[in-house]
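Q: I have a protein model open and would like to learn how to read it. Where do we start?

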Amino acid sequence: MGVLRTRNKQKRIQAFICLCVVCFILYKYLGFFQSEPQMDLKTIRKMGLNTNSSQFTLEEKPFCILGGSVHYFRVPRPYWRDRLMKMVACGINTLTTYVPWSLHQPEKDVFNFHTQLDLEAYISLAAELGLWVILCPGPYISADMDLGGLPSWLLRDENMRLRTMHPGFIQAVNTYFDKLIPKVVPFQFNKGGPIIAVQIENEYGSFAKDQRYMLFIKEALQSRGISEVFLTSDNINSFKSGGVDGALRAIKLRKLNQRIVQELSSVKPNKPSLVMEYWTGGYDTWGDLHHVLAPEDMVSTVRNILRRGMSVNLYMFHGGSSFGFMNGADPDPSYRALISSYDYDAPLSEAGGYTAKYHLLRDLFSQFNPKGHNLPDIPKLRHSDSYETAIMFQHLSLWDALSFAEGPFTSSKPVNMENLPANNGNGQSYGYTLYETTITRGGMLQSGDNVRDRAMVFVDRKYIGLLKRQILELAVPDGKEERTLSFLVENCGRAHQGKDLDKQRKGLVGDILFNGIPLRGFTIYSLDMKLNFIESLNQAPWQNLPESPSFPGFFMGRVFVYSYPSDTFVKLPGWGKGVVFINSLNLGRYWSLGPQQSLYLPGPFLHSGMNQIIVFEEKEGDSNVQFEDSPDLGMEAEIE
């Protein structure tokens with residue numbers, strides 16, 4: 001019995017000790033998580049990104065940012081994982097992305113952070129794949145987008161001064177940040193997430209209209225919970241004027257030389273050097289050539305940057321596509337709209353294919369990975385397919401589609417797109433606008449440079465000519481009876497940079513003179529060609545395709561996919577200028593002017609079986625649309 005009592009006592013002591021250990025664990029960890037419910041074990045970290053010496057440190061260890069830009073809004077969501085896995089396999093450790101205000105808040109009271117625009121899902125995916133994140137939330141981002149990613153409804157205020165402390169702009173920024181920033185705060189490094197730095201605005205040194213503005217943006221981010229390292233990013237010519245106290249100044253460049261190195265050292269001694277945008281290629285504009293940068297030149301510059309102990313972010317690592325009407329425009333030295341492809345001659349092609357640049361970078365970055373850490377195998381390529389040519393078999397005149405457009409609106413004077421009472425009072429952002437009035441004789445039209453950007457002109461729905469920035473006059477044929485004079489005006493893309501962002505209103509932005517007298521009495525139709533408009537055309541009075549169809553017009557055909565859809569490239573030989581829609585989704589613009597001669601069609605935009613294709617053509621068209629397995633971005637020109 002004595003032995004049994006001793007054993008029972010020992011068991012009770014052991015059980016008590018075990019209970020104490022369990023209680024300690026519960027107190028230490030479960031209690032911790034209850035106070036910070038969003039966190040997990042990853043939150044028990046050392047110090048985040050640090051800039052207090054000439055070398056970045058992360059978690060108190062030397063760290064070199066090997067970054068790459070991939071914009072979630074330019075890549076179909078089903079391909080996010082593929083693109084980021086290819087980034088990891090290249091040796092990149094940090095993802096950077098801009099956040100487009102214009103897409104996340106298309107109307108004052110409408111916010112969109114879902115499906116293709118699910119920023120939280122994108123950042124979570126980056127974390128899952130082991131990537132750090134540098135976030136660039138704007139509000140202005142450039143990104144070669146329409147109005148630099150700012151929403152066009154801001155321009156409804158005739159006194160608007162973008163990127164300044166103008167009350168209307170600041171109020172809008174606050175409303176937007178109130179929605180955006182709480183979504184990304186939990187993803188910061190100090191909360192267990194992948195975000196190690198946040199960029200304040202973008203390239204403000206080249207704008208610099210209000211010295212108070214950058215400090216306001218920094219404080220707006222801080223007050224909403226952003227506490228990681230702040231960055232600013234500017235070109236070398238505006239490097240000194242674009243910073244703000246408390247933020248690391250980073251630079252953008254294509255070539256590194258001794259002058260730039262000295263400039264960096266003089267402005268920020270004993271601080272890490274970061275090339276926030278090393279341009280791996282460039283964008284293209286309509287009427288120009290397809291710009292490419294030699295792979296050897298690119299990797300030579302990146303190697304030079306790294307050998308100097310600097311960090312680098314590749315802009316772009318993968319460009320993707322400016323689907324729909326997302327593209328911006330280059331305002332200098334003269335207006336040139338960007339094409340729909342954002343291939344950028346980047347290391348990953350528009351369709352996610354490997355290039356010579358990718359393999360050269362992978363070899364280089366493998367030398368900067370931690371010892372004993374081998375790069376993962378590169379993911380298997382998705383193949384592209386050719387499909388049978390689609391025969392356009394139905395036609396719908398633009399004039400017969402007007403009953404499905406928003407409007408008509410009536411106005412004595414012309415009204416620019418942004419100030420139309422369309423889209424719940426938010427104006428029209430993209431696409432075309434039709435202005436109609438009446439005349440009783442012939443004469444001369446003078447636009448006074450008030451057409452933004454191209455106006456096809458019609459008399460009684462017969463095309464008579466074009467007005468645009470370089471063509472300011474047009475003769476109207478004689479006629480004594482009352483006739484309808486129509487202007488189909490296209491917004492080809494608002495400037496994405498420059499000091500004239502406030503002047504990017506589109507449509508007819510002022511009076512059009514006819515025989516020296518301003519035209520009056522307009523009926524206006526908004527043709528933004530959004531998803532609901534294209535879908536509504538299924539109820540329109542389509543006709544079998546005639547031998548001589550009228551233009552402008554919509555053309556409908558079908559393409560059959562036998563199995564799981566693959567990527568393909570839409571080619572339109574024999575067509576002039578217009579827009580392509582696949583299953584009502586806007587792929588973007590085409591123009592025989594070039595350089596781009598194909599549109600990237602991702603497999604996820606198709607489905608097995610029959611798929612609808614609608615082409616809006618302005619002036620001349622064929623009856624065939626081709627689907628091929630390779631792109632055609634036009635004749636190449638090397639970037640100097």
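A: Start with the words for secondary structure. Helices and strands here are DSSP runs, numbered from the N terminus; a helix needs at least four residues and a strand at least two. Keep in mind that this is a predicted model.

Q: Where is D453 found?
A: D453 is in the loop between β19 (451–452) and β20 (454–459). The peptide bond that leads from R452 to D453 is cis, with omega near 15°.

Q: Which residues does the cis peptide bond with omega of about 5° join?
A: That bond joins G407 and P408. P408 is found in strand β16, residues 406–411.

Q: What is the phi of E203?
A: Phi of E203 is near 55°. That is a positive value, in a residue other than glycine. E203 is found in the loop between β6 (195–199) and α6 (213–223).

Q: Now the domains. How is the protein divided?
A: Domain 1 covers 63–367. Domain 2 is made of 390–396 + 532–638. Domain 3 covers 413–520.

Q: What feature does UniProt place at residues 427–528?
A: The unreviewed UniProt entry gives "domain: Beta-galactosidase 1-like first all-beta" there. Over residues 427–528 the chain is 0% helix and 50% strand. The end C-alpha atoms of this stretch are 10 Å apart.

Q: How far apart are the C-alpha centres of domain 1 and domain 3?
A: They lie 35 Å apart. The contact takes 33 residues from domain 1 and 28 residues from domain 3.

Q: How do I read the size of an interface?
A: It is often given as the accessible area lost when the parts come together. Here the area buried between domain 1 and domain 3 is about 2700 Å². Carbon and sulfur atoms give 47% of that area.

Q: Which residues of domain 1 lose the most area to domain 3?
A: They are L155, R156 and Y335. Together they make up 27% of what the domain 1 side buries.

Q: How many salt bridges does the rule find across the interface of domain 1 and domain 3?
A: It finds one salt bridge. As for a named pair, the side chains of R494 and D146 meet in a salt bridge at 2.8 Å, N to O.

Key: Residues numbered from 1 in each chain as written. Predicted model: local features only at pLDDT ≥ 70, side-chain atom pairs only at ≥ 80, totals over all residues. Heavy atoms only, no water. UniProt positions renumbered as here; feature names shortened; annotations may be inferred. Domains from an automatic or database assignment. Contact = heavy atoms within 4.5 Å. Buried area = accessible area lost by both parts, 1.4 Å probe. Salt bridge = Lys/Arg side-chain N within 4 Å of Asp/Glu carboxyl O.
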